[in-house]
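Here are my notes for your reading of this model. Please go through the points with the structure open beside you.

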Amino acid sequence: MAVLNRLLRARGSDFSSIINRGFSTSSTLNSEINLRAASSLSHKSLPLGRIPKDRNVQWVFLGCPGVGKGTYAGRLSRLLGVPHISTGDLVREELSSKGPLASQLAEIVNHGKLVSDEIIIKLLSKRLEAGETKGESGFILDGFPRTIRQAEILEGVTDIDLVVNLKLREEALLAKCLGRRICSECGGNYNVACIDIKGENGSPGMYMAPLPPPPHCESKLITRSDDTEEVVKERFRVYNEMSRPVEEFYRSREKLLEFDLPGGIPESWTKLLQALNLYDHEGKKSAAA
Ligand SMILES: Nc1ncnc2c1ncn2[C@@H]1O[C@H](COP(=O)(O)OP(=O)(O)O)[C@@H](O)[C@H]1O
């Protein structure tokens with residue numbers, strides 16, 4: 001209770017305004033406490049791309065469906081030793097658990113819509129709390145925040161050092177979503193699409209090789225139920241409407257690193273490490289990828 005009161009005082013009017021916009025008091029408070037517990041308290045933000053010396057990174061990955069947030073956030077989390085927390089994965093875990101939220105979530109996700117801020121924050125808080133008991137610190141968030149309200153809540157409870165905005169041409173995005181395959185046993189992500197866009201009228205071409213599964217996953221591949229053409233197009237529309245403004249939210253706070261993926265994983269990973277000033281870091285920990 002003492003923590004709760006301190007938090008209320010610290011958050012002042014900003015906190016009240018979130019509640020006034022319709023959040024249930026108790027769930028917002030729980031979320032705030034859990035998010036704050038999972039981060040180091042009141043650190044100053046760092047210049048873009050700088051790794052903090054005294055704590056683990058607190059980064060966010062933004063980008064359209066299929067851009068590769070999970071792939072690159074996952075690689076960076078192994079490299080930097082921080083948890084990769086994907087709200088999409090949390091939603092899918094909840095769906096497969098067949099818990100009380102499952103049928104409500106299936107209806108939303110399979111139509112390409114966003115889950116309510118309140119449910120997402122509840123799932124995220126639960127995940128952060130579990131991580132905290134295991135001694136986790138720092139994070140790379142993937143798929144959160146996806147609305148301005150989520151970004152405001154996150155900003156109210158902790159400092160985000162850096163927001164990486166991954167970008168890829170829409171024709172490649174659609175092909176990547178439709179080609180995505182997941183191993184139903186180990187959860188590994190693969191892609192059967194071979195993207196070969198020819199350069200035209202001065203715009204460069206792009207080649208992305210398929211990412212085949214290892215032989216032991218081949219017979220267990222499944223397709224996400226929301227990776228059909230109709231649903232993917234709806235997810236793009238929802239991204240543009242609800243999540244594009246989150247890019248501006250962080251741009252105006254000078255936290256946004258725009259990153260245009262130049263091609264497939266080998267090329268893009270190297271360039272991303274360079275953009276993040278992590279190229280040398282990876283040399284020392286090449287096992288991470
Ligand atoms: N932060 C969030 N807010 C609301 N809904 C979310 C959020 N994160 C994930 N979801 C739900 O989970 C689905 C899958 O998310 P994700 O795996 O991140 O997919 P995508 O490939 O569209 O980026 C989304 O379409 C949405 O329904």
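1. Start with what covers the buried residues of helix H8. The cover includes strand S5 (180–183), strand S6 (189–191), strand S7 (195–197), strand S8 (206–208) and helix H9 (229–251). Helices (H or I, at least four residues) and strands (E, at least two) are DSSP runs, numbered from the N terminus. Helix H8 spans residues 170–179, and its buried residues are Ala 172, Leu 173, Leu 174, Lys 176, Cys 177 and Gly 179. Buried means under 20% relative accessible area, exposed over 50%, and partly exposed in between (1.4 Å probe, protein chains only).

2. A word on the source. This is a predicted model: local features need pLDDT of at least 70, side-chain atom pairs count only at pLDDT 80 or more, and totals for chains, interfaces and linings use all residues. Residues are numbered from 1 along each chain as its sequence is written, and side-chain values use heavy atoms, with hydrogens and water left out.

3. Stay with helix H9 for a moment. Lys 233 is found there. Is Lys 233 buried or partly exposed? Lys 233 counts as partly exposed because its relative accessibility is 44%.

4. Now the whole chain. The protein chain has 11 helices and 10 strands. Of its 289 residues, 48% count as buried. Take the contacts (heavy atoms within 4.5 Å) with a separation of 6 or more: residues 24 or more positions apart account for 71% of them.

5. Next, the core. In soluble globular proteins, nonpolar side chains tend to be buried together. The largest nonpolar core here holds 64 residues. Such a core is a set of buried Ala, Val, Leu, Ile, Met, Phe, Trp, Tyr and Cys residues joined through side-chain atoms within 4.5 Å. Trp 59, Leu 76, Val 164, Tyr 250 and Leu 276 touch the most other members. Beyond four places away in sequence, Tyr 250 touches residues including Leu 62, Pro 145 and Leu 256.

6. Last, the ligand. It is surrounded by 19 residues; the closest are Lys 69, Thr 87, Arg 92, Lys 113 and Gly 143. Helix H4 (residues 87–97) gives the most to this shell, with four residues. Which polar atom lies 2.8 Å from a nitrogen atom of the ligand? A backbone atom of Gly 143 does. A side-chain N or O atom of Gln 150 is 3.0 Å from a ligand nitrogen. Arg 235 places a polar side-chain atom 2.9 Å from a ligand oxygen.

Notes
A residue is near a molecule or strand if one of its heavy atoms lies within 4 Å of it. A polar contact is a pair of N or O atoms within 3.5 Å; within protein, one must be able to donate a hydrogen and the other to accept it, and residues adjacent in sequence count only if both atoms are side-chain atoms.
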